[in-house]
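Please look over the sequence and the model shown here before reading on.

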Amino acid sequence: IELATFGGAGILGDGAGPVARVGGSVALASRRGLRPSLALGALYAFPFTSGSDTLTSRAHLVSARAMPAIELLRGSWVALDVAAGGGFDVLTVEPSSATLPLSALGEKTTRVDPIASASATARVALASDVVLTLSLVADVDPTTRRYVFEDRGARSEVLAPWTVRPTLLAGLSFTAHGEAPFRPERAAP
């Protein structure tokens, strides 16, 4: 059993810029063969804004994923894992404006969308049971929702999440129970 904590940033869509994210996971991992594992994790994106000077949106994002993985490469102190899985995103978007009246704005919306996800993770041993991780993650959202403001026939996009959303995460993984992922080298007798 491994516990992990991580942080990083990703791009969610047009006009949003890099969005900081933090999270954690728990994984059940084998130390044999391809070293398969199954991680259950959650990520929180810090609130972010997008839009124009006239109209902005403030969004909150929480993600949950189940990610089966295998180890592709392994050295004495470094390894490369790949994973593919899925889960869901809970995205809340609230419009706001410094110039428009509140009655002209839409309601706050919350959507739960299914997400497919893939990742590649480099793992570097800091100790036999403590690992530094660096992950490149690609989330795929098949729903392709857009958040727009309509006023007298004119439409302006407030938030346009991308279908494929890249994220870069760095973190630490700890062995909570079981065999450590990296064993110290033993000196020859």
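This is a predicted model: local features need pLDDT of at least 70, side-chain atom pairs count only at pLDDT 80 or more; totals for chains, interfaces and linings use all residues.

Residues are numbered from 1 along each chain as its sequence is written, and side-chain values use heavy atoms, with hydrogens and water left out.

**Overall build**

- The secondary structure of the protein chain comes to 0 helices and 11 strands, where helices (H or I, at least four residues) and strands (E, at least two) are DSSP runs numbered from the N terminus.
- Read from the N terminus on, the elements follow the order β-β-β-β-β-β-β-β-β-β-β.
- The protein chain has 189 residues, and 34% of them count as buried; buried means under 20% relative accessible area, exposed means over 50%, and partly exposed lies in between, with a 1.4 Å probe and protein chains only.

**Cavities**

- The structure holds 3 cavities of 30 Å³ or more, a cavity being a set of points, on a 1 Å grid over the protein atoms alone, where a 1.4 Å probe fits but cannot get out.
- The largest cavity has a volume of about 720 Å³, and such a volume is the space filled by probe spheres set on the points, with grid points joined across faces, edges and corners.
- Its lining is made up of 40 residues, and Ser25, Ala39, Ser119, Thr121 and Ser135 lie nearest the centre of the largest cavity; lining residues have an atom within 4 Å of a point.
- At least two residues of this lining come from each of β1 (2-11), β3, β4, β5 (56-74), β6 (78-96), β7 (109-127), β8 (130-140) and β11, and β5 gives the most, with 8 residues.
- By class, the lining of the largest cavity has 19 nonpolar, 12 polar and 9 charged residues, where Ala, Val, Leu, Ile, Met, Phe, Trp, Tyr, Cys and Pro count as nonpolar, Asp, Glu, Lys and Arg as charged, and the others, Gly among them, as polar.
- Ser119 is found in strand β7 and is buried, with a relative accessible area of 16%.
- Although Ser119 and Pro166 are 47 residues apart in sequence, their C-alpha atoms are 9.6 Å apart in space.

**Salt bridges**

- A search of the whole structure finds 9 salt bridges, each being a side-chain nitrogen of Lys or Arg within 4 Å of a carboxyl oxygen of Asp or Glu.
- Arg65, Asp89, Asp139, Asp141 and Arg165 are linked in a network of salt bridges.

**Arg35 and its partner**

- Glu71 forms a salt bridge with Arg35, with 3.6 Å between the closest N and O atoms; Glu71 lies in strand β5 and Arg35 in the loop between β3 and β4, so the pair ties together parts that are 36 residues apart in sequence.
- Glu71 counts as buried at 9% relative accessibility, and Arg35 counts as buried at 18%.
- Arg35 has a positive phi of about 50 degrees although it is not a glycine.
- For context, most residues other than glycine have a negative phi.

**Nonpolar surface patch**

- Ile1, Leu3, Val26, Leu28, Leu38, Leu40, Leu126, Leu132, Leu172 and Phe174 make a nonpolar surface patch of about 850 Å².
- The elements that give two or more residues to the nonpolar patch are β3 (18-29), β4 (37-51) and β11 (164-175).
- Patches are made of residues with over 30% relative accessible area and no salt bridge, where like charges are joined within 9 Å and nonpolar side chains (Val, Leu, Ile, Met, Phe, Trp, Tyr) within 5 Å; accessible areas come from the Shrake-Rupley method with a 1.4 Å probe, and for residues only the protein chains shown count as cover.
- Leu172, one of the patch residues, has its place in strand β11 and counts as partly exposed at 30% relative accessibility.

Conventions: On a 1 Å grid over the protein atoms alone, a cavity is a set of points where a 1.4 Å probe fits but cannot get out, and a pocket is an open set with protein on both sides within 12 Å along at least five of seven lines; lining residues have an atom within 4 Å of a point.
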